Amino acid sequence: MLRALFTNQLALGCTQAAVATVVALLVVLIARTREIHLERETSVALLRGIVQIIAVGSLLLLLLLRGPAWTTVLLLAAMAVAAAATSARRAAGMPGAFRVSLAAIAAGAGTVTALMTWAGAIDTAMTSLVPIGSMLLSNAMNTNSLTLNRFRSEVEAHRGLIETALALGAAPQRAVAPYVQVSFQASVIPALDSLNSLGIVWIPGLMAGMLLSGADPLYAAIYQFVTIAMMFSAAGLTALVGSLLIRGQAFSPAEQLTLRLQAAALPGGGRGGSK
């Protein structure tokens, strides 16, 4: 219907964005009837999302036309810092959340991107490396947020057991080892589900775009698998590094549990989500 009303592509895109925004806000209003308040957070996220994607799209266009090759690394590094900042906000109240997030995301997405580029699985051209690298960074960011939040929830739920173990002489790493494992396993579930459902539940946009551009369907399918497998690898490395690093931030040099004190300072009992 919209395509019949708008012949100008820019006007069509703005209208499509408006419709998508209205649908998202309707979901928020429905949630509000159940006393679930996400109005402010969702409104800010929608506004930031449209502004950021337009700005990044314009920057990418400029770089693709005139930018030197080294700007690819700089751009991905900036994306990694932004991803770490976003993930750290989700882990508000956790000491060292930004440092842990940056190290985990860089280790996960950065290592996989570097290895696959070295192996020749990712083209070094900016038009290929930046989009794929950004997908890996985004997936690593989401995984890291899940890891940190689940670890904090597990520590808060089992603080009595942890402090008892410490009082009995257990090392801090040993006292929280079961909760590190739980947070890791929970955070990689989305990546595993994406692999399990690939081609059955969803056909990702990369494959669809390759098919529309005239690529061989079989090659498009295989390359899409390569991308999802890379996303799982990045998620797994991110969760592993993040869960191992954050456990050290939960204790003081005197081996006392400090995460509880940090979480207690937050409104609503230490939960990072907005209401």
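Contact here means heavy atoms within 4.5 Å. This is a predicted model, in which local features need pLDDT of at least 70, side-chain atom pairs count only at pLDDT 80 or more, and totals for chains, interfaces and linings use all residues. Residues are numbered from 1 along each chain as its sequence is written, and side-chain values use heavy atoms, with hydrogens and water left out.

View 1. Thr 238 sits in helix H12, residues 217–249. Helices (H or I, at least four residues) and strands (E, at least two) are DSSP runs, numbered from the N terminus. Thr 238 counts as buried because its relative accessibility is 0%. The classes are buried at under 20% relative accessible area, exposed at over 50%, and partly exposed in between, with a 1.4 Å probe and protein chains only. Leaving aside residues up to four places away in sequence, Thr 238 touches Ala 104, Ile 105, Gly 108, Ala 109, Ala 140 and Asn 144.

**View 2. Ile 228, also in helix H12.** Ile 228 has a relative accessible area of 4%, so it is buried. Leu 192 is 36 residues away along the chain from Ile 228. Their C-alpha atoms are separated by 9.5 Å.

**View 3. Helix H5 packed on helix H6.** Two packed helices are described by the angle between their axes and the distance between the axes. H5 spans residues 97–119, and H6 spans residues 126–157. Their axes lie 9 Å apart, at an angle of about 145°. Axes are lines fitted to C-alpha atoms, for helices over the stretch in contact, and angles run from 0 to 180 degrees between N-to-C directions. H5 and H6 cross in a right-handed sense. A crossing is left-handed if the near helix is turned anticlockwise from the far one by less than a right angle, and right-handed if clockwise. From H5, the contact takes in Ala 97, Val 100, Ser 101, Ala 104, Ile 105, Ala 109, Val 112, Thr 113 and Thr 117. From H6 come Leu 129, Gly 133, Leu 136, Leu 137, Ala 140, Met 141, Asn 144 and Leu 148. Twelve of the contact residues are nonpolar, five are polar and none is charged. Ala, Val, Leu, Ile, Met, Phe, Trp, Tyr, Cys and Pro count as nonpolar, Asp, Glu, Lys and Arg as charged, and the others, Gly among them, as polar.

**View 4. The second largest pocket and its lining.** The space in this pocket is about 250 Å³. Its lining has 14 residues. Leu 76, Ala 77, Ala 109, Gly 110 and Thr 113 lie nearest the centre. Helix H4 (71–90), H5 and H6 each give two or more residues to the lining. H5 gives the most, with six. By class, the lining has nine nonpolar, five polar and no charged residues. A pocket, on a 1 Å grid over the protein atoms alone, is an open set of points where a 1.4 Å probe fits, with protein on both sides within 12 Å along at least five of seven lines; lining residues have an atom within 4 Å of a point. Grid points are joined across faces, edges and corners, and a volume is the space filled by probe spheres set on the points.

**View 5. Helix H6 against helix H9.** H9 covers residues 177–187. The H6 and H9 axes come within 8 Å and cross at roughly 145°. This crossing is right-handed. On the H6 side are Thr 143, Leu 146, Thr 147, Arg 150, Phe 151 and Glu 154. They meet Tyr 179, Val 180, Val 182, Ser 183, Ala 186 and Ser 187 of H9. Six residues of this contact are nonpolar, four are polar and two are charged.

**View 6. Glu 35, in the loop between helix H2 (9–32) and helix H3 (39–66).** Most residues other than glycine have a negative phi. Phi of Glu 35 is near 65°, a positive value. Glu 35 counts as exposed because its relative accessibility is 61%.

**View 7. Arg 40, in helix H3.** Arg 40 has a relative accessible area of 66%, so it is exposed. The C-alpha atoms of Arg 40 and Val 28 are separated by 9.7 Å. Twelve residues along the chain lie between these two positions in numbering.
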